Amino acid sequence: MNVAWFWALSAMLTAYAVLDGYDLGVGTLSLWVAHDDDERRLVVNSISPVWNGNEVWLLAAGGMLVVSFPRVYASGFSGFYLALMVLLWLLILRGISIEFRNQVADPLWRSLWDAGFWVGSLLVALLLGVALGNVVQGLPIGPNGYFQGTFALLLNPYSLLTGLLSVAVLAWHGANYLRVKTEGALLARAEKWSRSLWWAAAGMAVIVTVATFAVRPSAGRNFQAHAIAWVLPLLTLGGLVYGFLCRQEDHNNQAFRASTLVIMGLMGSAVLTVFPDLLTSTLNPQYSLNIYNAASSPLALRTSFIANVVGMIGVVVYSTYVHRTFHGKVRLDSGHY
Amino acid sequence: MSEAVFAHRIQFAFTVMFHYLFPILTMGLGFFIALFSTLHIVTKDRRYADAAQFWAKIFAINFALGVVTGIPLEFEFGTNWSRFSSFGGGVFGQMLPLEGVYAFFLESGFLGMFLAGERRVGRTLHWLAGLGVAFGSLLSGYFIVATNAWMQHPVGYELDPSGGVRLTSFWAVLFNPYAGWQYAHVINGSLLAAAFVIGGVGAFYLLSNRHLEFARLSVKTAVVAGVILALTQLFPTGDFNGKNVVQYQPTKLAAMEGLFETEKGAPLAIIGMPDTEKGILIDPLYVPEFLSFLAYGDFHATVEGLSKYSRDLWPPVVLTYYTYHIMVGLGTIFIAQMLIGLFLLWRRKLYSSRWFLWMLMLSVPFPYIANEAGWVVSEVGRQPWLVYGLLLTHAGTSTNVAAGETVFTTLGFAGIYAMLSILFLFLVARIIHHGPEESVPAASIAAGF
């Protein structure tokens with residue numbers, strides 16, 4: 001059950017990264033890829049019906065962490081206190097920018113929320129990458145299972161690299177999403193950005209992989225012990241190759257699939273780097289919180305697993321249906337959203 | 001109470017009370033939108049479709065603010081109350097993710113479809129999407145109330161040698177006897193608030209002589225629904241919720257009623273000012289033996305007073321007492337208002353009684369106050385317990401988060417939320433000013449009722 005929950009949480013966070021990842025990527029690119037009010041409207045509209053549902057994957061994952069590994073939730077969230085508060089403010093900024101933008105026809109109003117959408121999306125993508133980097137690197141968890149995460153601690157060279165990786169990959173993913181959803185001049189710009197960002201994503205992936213071994217020497221342990229673990233980094237590599245091959249126009253859907261695979265591979269590799277730890281202590285391995293010592297009781301794990309998995313099956317079914325409803329290019333006429 | 005504990009309490013209390021302003025309307029309005037949408041399909045009357053569409057615009061903004069202000073709360077169980085989460089996460093956490101999995105996905109997922117409109121998704125799907133949103137909102141209310149109910153009346157657990165609690169029964173937690181009536185009372189409160197908002201906007205249009213068809217429908221809906229909801233808020237939901245408090249939280253009951261001494265045939269204090277030093281109510285107005293009747297159904301029953309418990313187990317009496325009396329006082333006024341409205345509707349004078357319409361319009365903030373006051377009773381009245389009888393509040397905070405950090409971020413939230421309030425009011429005012437798109441031309445005032 002402990003292992004099952006580890007993978008369930010990893011799957012939830014990966015789904016979040018793939019789904020809200022394109023929302024964040026679109027936002028990060030928005031000011032560069034869209035040049036006038038109509039184009040900016042199209043860019044926001046490409047995600048507006050689905051962004052909220054996509055964000056719920058993060059909230060559901062957080063709730064699941066409470067019940068499955070409460071000590072990790074307690075330690076991680078209190079430890080990351082300041083960073084999480086800033087993240088919350090940025091999520092507020094991103095969310096209301098999307099929802100408020102089209103409410104008033106005034107150009108100043110729209111410019112304000114266009115800027116909010118861009119800043120919020122970019123910084124959220126960055127911070128999430130920073131957070132994941134700190135989890136992989138380890139934190140100064142003490143014997144009581146807690147640490148205090150000051151900005152000085154959390155913004156370190158490695159976590160900034162993972163933050164940049166996050167921005168690069170999610171921006172590439174967002175560009176690919178726009179390749180699927182837009183047409184004309186917007187599409188042309190999205191394709192151009194997608195081609196450039198491939199290099200950024202691939203480059204950062206290589207840099208971060210190397211850097212990971214530097215900050216966490218035991219990073220390769222699970223890969224050495226279990227050959228099947230290699231599937232995940234190979235997925236990343238495969239996705240990058242596939243993405244490179246889809247640089248040309250008319251390979252828009254494939255490009256989006258490629259970046260999806262890369263995100264899945266990166267997330268999977270990251271969790272396999274730490275497994276079975278959830279929060280590694282840099283002070284003393286004895287203080288680390290793992291899937292055994294930080295878990296709730298076997299009954300609690302079992303009942304919550306069943307209750308949540310049953311619900312998530314339904315979610316996947318109707319969410320797929322909802323996303324299909326918004327299939328196709330986004331346009332400004334009244335028949336479209 | 002240490003500075004840090006106080007700071008954590010203020011942060012949670014402030015962020016949750018601001019957040020809750022939005023679900024108060026979301027849950028109730030979602031129901032009414034689904035109702036209007038259904039009535040349109042059944043009766044083919046376009047006025048219902050116009051109403052659903054108008055309220056959907058306000059609903060969308062309200063919902064967005066509810067979401068962005070709600071995420072901090074889920075984080076705060078960990079950021080500010082880490083020892084509480086470590087202590088009981090395996091138990092109270094059974095309910096928490098279900099809110100996301102069963103409710104948030106539903107409401108967020110289908111809201112996009114609903115707002116995209118009939119033309120994009122077709123009539124049946126649009127209607128179903130509306131039902132999905134309404135159902136999701138109502139369902140999320142249950143899971144979060146069940147989480148809170150566990151804190152009020154912990155069930156389905158056993159003590160763990162490590163110092164925390166361990167789950168013994170998922171079903172006991174899901175069907176906590178405290179949760180059912182608490183949820184019913186919360187939802188009823190939300191529906192009542194929505195009825196007042198619908199009525200208030202309708203009253204505004206009638207008084208301004210605009211959008212008369214829509215306005216009449218709104219005011220009539222508000223009054224008909226309002227009468228039922230104002231009464232059910234008192235009985236059975238308020239009464240049975242109160243009886244749970246009597247049974248499971250005697251200190252909260254004593255504080256809310258201002259009952260300092262245990263009494264047989266205890267009176268109900270309608271008003272009075274608590275003097276906690278002397279243990280009396282100043283200038284009270286009592287209904288003899290009535291508290292015993294409300295609490296136990298027996299005018300001669302004995303009701304426990306605060307003095308039965310040591311002082312350190314008393315909740316903050318003054319705040320609990322006043323917020324309870326504000327809630328009940330307002331609830332009583334709502335019943336009176338809606339009964340008057342129903343009477344006017346029966347006499348065919350509702351739409352032309354300007355004094356009543358003014359009152360209805362100006363009443364819009366008051367259900368919000370009543371709903372929030374009720375939650376203050378619930379949370380402050382539970383003190384000094386975080387989990388009643390199990391974990392004291394000061395033992396549940398995050399000791400690795402300093403008061404200074406908490407105050408800094410609370411100030412940040414206060415600033416952001418002040419701006420969000422202004423933006424919200426501005427956007428909603430614009431929608432109301434613009435008015436509904438009406439499919440049928442507005443009838444003239446001469447048509448009267």
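Helices are DSSP runs of H or I with at least four residues, strands are DSSP runs of E with at least two, and both are numbered from the N terminus. The structure shown in these views is a predicted model.

View 1. In chain A, the loop between helix H12 (252-274) and strand S1 (277-279) contains A:Pro276. The peptide bond that joins A:Phe275 to A:Pro276 is cis, and its omega is about -5 degrees.

View 2. Chain B has a cis peptide bond between B:Gln383 and B:Pro384, with omega of about 5 degrees. B:Pro384 sits in the loop between helix H14 (365-380) and strand S7 (385-387) of chain B.

**View 3. The contact between chain A and chain B.** On chain A, 55 residues are in contact with 51 residues of chain B. The elements of chain A that each supply at least two residues to this side are helix H3 (51-68), helix H4 (70-79), helix H5 (81-101) and helix H13 (298-325). H13(A) gives the most, with 13 residues. By type, the residues on the side of chain A that touches chain B are 32 nonpolar, 21 polar and two charged.

**View 4. Helix H5 of chain A.** H5(A) has 21 residues, and at 1.5 Å a residue they should span 30 Å. H5(A) is mostly covered, with 19 of its 21 residues buried.

**View 5. Helices H1 and H6 of chain A.** Two packed helices are described by the angle between their axes and the distance between the axes. For helix H1 (residues 2-33) and helix H6 (residues 107-137) of chain A, the angle is about 130 degrees and the axes are 7 Å apart. H1(A) and H6(A) are therefore oblique to each other. Their crossing is left-handed. From H1(A), the residues that meet H6(A) are A:Leu24, A:Gly27, A:Thr28, A:Ser30 and A:Leu31. Their partners in H6(A) include A:Asp114, A:Phe117, A:Trp118 and A:Ser121. The residues of this contact divide into seven nonpolar, five polar and one charged.

**View 6. Helices H4 and H6 of chain B.** Helix H4 (residues 96-116) of chain B packs on helix H6 (residues 123-152) of chain B at an angle of about 155 degrees, and the two axes are 7 Å apart. An angle over 145 degrees counts as roughly antiparallel, so H4(B) is roughly antiparallel to H6(B). H4(B) passes H6(B) in a left-handed crossing. Residues of the contact between H4(B) and H6(B) are 17 nonpolar, seven polar and two charged. H6(B) itself has 30 residues and reaches 44 Å from its first C-alpha to its last, close to the 44 Å expected at 1.5 Å a residue. H6(B) is mostly covered, and 21 of its 30 residues are buried.

**View 7. B:His211, a residue with positive phi.** B:His211 is not a glycine, yet its phi is positive, near 45 degrees. This residue is in the loop between helix H8 (177-207) and helix H9 (212-248) of chain B. B:His211 has 23 other C-beta atoms within 10 Å, so this residue counts as buried.

**View 8. B:Arg348, a residue with positive phi.** Phi of B:Arg348 is near 60 degrees, again a positive value in a residue other than glycine. The loop that holds B:Arg348 runs between helix H12 (317-346) and helix H13 (354-362) of chain B. B:Arg348 counts as exposed because 10 other C-beta atoms lie within 10 Å.

**View 9. The surroundings of B:Phe196.** Helix H8 of chain B contains B:Phe196. B:Phe196 counts as buried, because 30 C-beta neighbours lie inside 10 Å. Not counting residues up to four places away in sequence, B:Phe196 touches B:Ala222, B:Gly226, B:Ser363, B:Val364 and B:Pro367. B:Gly242 is 46 residues from B:Phe196 along the chain, and their C-alpha atoms are separated by 24 Å.

**View 10. The surroundings of B:Glu304.** B:Glu304 is in the loop between strand S6 (302-303) and H12 of chain B. With 18 other C-beta atoms within 10 Å, B:Glu304 is partly exposed. Leaving aside neighbours within four places in sequence, the contacts of B:Glu304 are B:Pro250, B:Ala254 and B:Thr262. B:Phe260 is 44 residues from B:Glu304 in sequence, and the two are 8.4 Å apart in space, C-alpha to C-alpha.

Methods:
Residues numbered from 1 in each chain as written. Chains lettered and ligands numbered in written order. Predicted model: local features only at pLDDT ≥ 70, side-chain atom pairs only at ≥ 80, totals over all residues. Axes fitted to C-alpha atoms, helices over the stretch in contact; angles between N-to-C directions. Parallel < 35°, antiparallel > 145°, perpendicular 65-115°, else oblique. Left-handed = near helix turned anticlockwise from the far one by under 90°. Nonpolar A, V, L, I, M, F, W, Y, C, P; charged D, E, K, R; others polar. Contact = placed C-beta atoms within 7 Å. Expected span 1.5 Å × (residues − 1). Buried ≥ 20, exposed ≤ 12 C-beta atoms within 10 Å, placed from the backbone.
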